[in-house]
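Please open the model in a viewer and keep the selection tool at hand. The stops below are meant to be followed in order.

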Amino acid sequence: MNEQIPVHKIVNSISFGLISPKLVKKLSNVKIVTPELYDREGYPVDGGLMDIRLGVIDPGLKCKTCGSKIKECLGHFGYIELARPVVHVNFVKVILDILRGTCRGCGKLLSESEDLAIDFDEDVDFQEARKETKGKISDLRKITKCPHCKAKQYKVALDKPTNFVENEKRISPIEVRMRLEKISDEDVSAFGINAAVARPEWMILTLLLIPPVTIRPSITLQSGERSEDDLTHKLGDIVRINQRLFENINAGAPEIIIEDLWDLLQYHITTFFDNALPQIPPARHRSGQPLKTLSERIKSKEGRIRHNLAGKRTNFSARTVISPDSMLDLNEVGIPKEVAMKLTIPERVTEWNKDYLKEFVKKGPKAYPGSNYVIRPDGRKKKITSETQEQILEELQPGYLVERHLMDGDISIFNRQPSLHRMSMMAHKIKVLPGMTFRLSPAVCAPYNADFDGDEMNLHIPQTEEARAEAEILMMVQTQVISPRYGLSIIGCNMDAISGNYILTRYEEYSRKDAVQLLTEVGHRDFSRIPKKDVISGKEVFSMLLPNDFDFEGKTRTGSPVIIKKGILKEGYMDKSNLGEGQGLMLRNLHKKYGSDKNIEILGKIFRLGIKVLLRHGLTAPIGNTDLPKDVRGEVDLTLSKAQEESYQLISDYHKGVLDAFPGRSVEETLELKILELLNKSRNDVGNLVMKHADKHQHLPIMVDSGAKGSSISMTQMVACVGQQALRGKRIERGYKNRTLSSFKPGDLGPQARGFVENSFKSGLKPHEFFYMAMTGRDSLMDTALRTPKSGYLYRRLANALQDLKVEYDQTVRDASNNVVQFLYGGDGIDVSKSENGYIDVKKVVERETGGKK
Amino acid sequence: MSPEDILPKKIFEDAKQEIPEKTSASTIKKIMEALVDEYEKALVEPGESVGLVAAESIGEPSTQMTLNTFHLAGVAEMNVTMGLPRIIEILDGRKTISTPMMEIYLKKATDEKKIRSLARQIKEMTLKELIKDITINVMDTRVEIRLNKASLKEIGVDEEKIHKNISKSVKTYEAKLDGDLITLKPKTKDVDLNTLYLLREKLKGLYVAGVKGIKQVLPVRRDDEYVIITAGSNLKDIFALEFVDTTRTICNDPFEISGVLGVEAARQSIVEEIFKVIEAQGLNIDIRHVMLISDTMCTTGEIRGITRFGVVSEKPSVLARVAFETPIKHIISASLIGENDELNSVIENVMLNQPVPIGTGLPKLGMKNK
């Protein structure tokens, strides 16, 4: 058996240069002479643009050059001999510079100084060379007499896009080429051109290189008709005109006809390279749609470079809707069985796992866990079907690869777009589950920025041992918990998990039996630390999940202390500022002290605990929670009406002319500011009233107080008053002339007429109030819609500019050309993701070493 | 090496503060060792792709920033570009920013009255603001300017100076000063009314006093001293004034700062200006990321923006430039000069399906292939 040796080539460097006519001939295998593509049988014509020496795109045919079949043959180049030389559009500006800077007679540089030339044999900084030459050659065009042969020089102008004009006479490409040929290599270097790779006359084409058919394949339509690629169309035009030009020249046609054809050839070749030039009409299909030629293939987001080279498509991936499953661990992902049976992992057969892998082959592709393919040592891939199964089982021996179905515990990479930071792609362990969606713990929603309103996510299966090892060590969820953006835990509890733990640690009490039940449901098995009591407080239940040597001091959202000593929550309660993502140091300290694996285990348990508590306790937002006691209601109404009265007072002051202006402000502006401040203050006052009188045991206030969802403002808006609507930091002014809506008198400056919404969402908005809210709503919608592409572009620029920066072994930060950007990363060399919110906690270290004594 | 040499200055100073007095030398040694240990554990790993992390750290939360220009805190306020547009403006490395501002500190603490008059002196004054009226005398074909003596006195400028300024800027006219009246008579004859009218409009906007570029001034009390906040900036001329405390006075235009105080100051200014926006938006981004971005913008000695004309244009790799913007242009210029892409950075290796020279792609392993 001949073992296939994998060829692994590494590209060391890529050089750029122009292709000389000589090289064109050397690269080519065919000279294209006819615009016809196929003969009557539909077979490619010899010497046509689809010549099978250029490569094959039809199944069954063999390439005449290399003898390979479709997909094996990469294609070969051909060439056209042009009847008359033609200018290459992309080099027009360079040619112009050269024509202007050299003598029209002797072809020497219009300068006697020697230092203009660049020696390309030495190490040249290309950036510098480019910058320098630019300034130097611009002076040359002003010289009117050649310093060498004393010939008079004329102004050379460019008649866009491709014609050169001297003395109001057109210089034909033939003459341009002759002038360029005369220039010595040394003089060429003065223009920043390395003559070794780019002689200037090569910019005037005499031979045109024809790309292989493989890059311009034709499509066979359902009707059996062939539809050719845009490039083939364009090349057909070029060949056709070129032939006609040849014929006319040979027949001795009048100069005008030849010139016309020549111009036409120039046009076709120009659009072959770039069909989006501003000066010339783009070449079009018969349908009127512009052709997509070479430049358009490369350029922009959909071009070859950004679409196919900088980003690539991949096999072994899956995509579907996501849904939550809080019983999964944070680093697990639940995948449907259907997906598990399509995605595979290659495992090599050895003496020791032969029997194990045979089991997978036996099950085949239809049963789980089975296998889909077997790869022989010679690289041949064999599909396992009921027919081939027997034979494969027999021949299976060490060296074979079995592509087996995914199983629990396999490593996968999970991703949600937009992938804005590295936590958007994390490695998860596979858990095969019934159902048709990907399942993930709601705790990891934050890094992915995912929710479950129909979001879809992608799953990738690394196929080599190296890739799996790297994914597991560097990309697993637990390794990504600390955000490199600010050095705090980006994964934490959210929503129900927060309110659940809040209720638990603040109010709940359980019987011993219930407490054990609760902890078991969460996945906790160690009950040795449960206090020997009949009634166990929520704080004690929560403490069970913490390691018994964990000490922590922090604050709740309201600022009251939270004290954990020896793994027991002594004082305070849990809320968002300790459990939430990117919040306090509690999660950070857990991670630091117990390591990443233990940390997510604890975090997962805390999360589930919160949910299980809520399951027992129940949490809902009844309409009753938005009721206010009668006396408070009165107080609220009084505050609001008083604020409105006061603003009317201000307005009448303004009309009377007794309002004092703020320094640097007009009286009108002052009035606006004062009213805005007054009304905002009244809403805040009302908000305080509402929060003060809210029953802390009611569910809505629980959600707000724990930080699970909502704020005091959203409470107030539901209960008491929505408040002033603001556009661009001002009250609403737009609409009709001098008024916002036609139901107000012109010039009315009162709160109601300028966007103040007095009602609450519960009491219902008046028509004009509803309109104000629609205005601000639309404004914020616009803001988001305009912001997303702007920030996306900023991000792309930043990433492109900074992607090469890395830390060297000497702790300096350097770019791709090894220039030092920073001598010590960030000034102190500290990795943010290893710090605590950007710092090293000196105090804690000192306390630890001195034993906490002050 | 002693802990003092290893630890960053800040950590060392913090430790000095935190260690209680009367701690035995051995305990101090133990603490220091623990700190060094802690510090070395937190160091960046060689090969870490810090640039991309910085880009992510700014790029990811930038979607949450607001677009609106907001107002400066305080009672009377001026418009300042904030949020995303401001960050874009700074990172672009623009030569002129949309809302230049200055904060001028004074050498000596003064009272409110003094600061107001100083502020007025600084403000750029056009002729329009210092006159009672400006008229065209049709009979004698001349322009007459009547100065406002009160406002002249307020900013401490006399008529002579204004007269000098005017005659300097309009050379084809003869300017005469008579009390509070300046008359401008054309030196050549046959001047039609239209040119006089144009002259009058031009004179109205003529700069006569104050510091050029300072469009608005606002004295503000900050802690226990007065600060002048200005709209418009002119760092160089403000620094020349003797009552200005040059050590604290700043403007918000990094480009201007680099011209007056050098790149080092501009680098710091970029960091501070970006961080100001981040803080105002209530985002949490570590300052190291901002510093890295600012450093890459300033390494060459002048401010380069994060654009195709700035940082990206100076990448050594052709393919890296091609992958960003204007690919055709870069391919053409590379082919003329015969450039050689050594494939030293990330994107070109991604294009070629090769390991990237960052992180785990960094170590190379030599092996004999038999």
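Begin by selecting the contact between the chains, to which chain A gives 91 residues and chain B gives 94 residues; two residues are in contact if their C-beta atoms, placed from the backbone, lie within 7 Å. This is a predicted model, in which local features need pLDDT of at least 70 and side-chain atom pairs count only at pLDDT 80 or more, whereas totals for chains, interfaces and linings use all residues. Residues are numbered from 1 along each chain as its sequence is written, with chains lettered from A and ligands numbered from 1 in the order in which they are written.

On the side of chain A that touches chain B, select α24 (767-802), which supplies the largest share, 14 residues. That side divides into 43 nonpolar, 27 polar and 21 charged residues. Here Ala, Val, Leu, Ile, Met, Phe, Trp, Tyr, Cys and Pro count as nonpolar, Asp, Glu, Lys and Arg as charged, and the others, Gly among them, as polar.

Next, select β1(A) together with β13 (residues 340-341) of chain B: the two pair in the antiparallel sense over two bridges. Strands are DSSP runs of E, at least two residues long, and helices are runs of H or I, at least four; strands pair if DSSP finds at least two bridges between them. Ile14(A) stands opposite Asp341(B).

Then move to the open sheet of three strands, ordered β29-β30-β31 in chain A with antiparallel pairing. Its edge strands are β29 and β31. Lys806(A) has Arg814(A) in β30(A) as its bridge partner.
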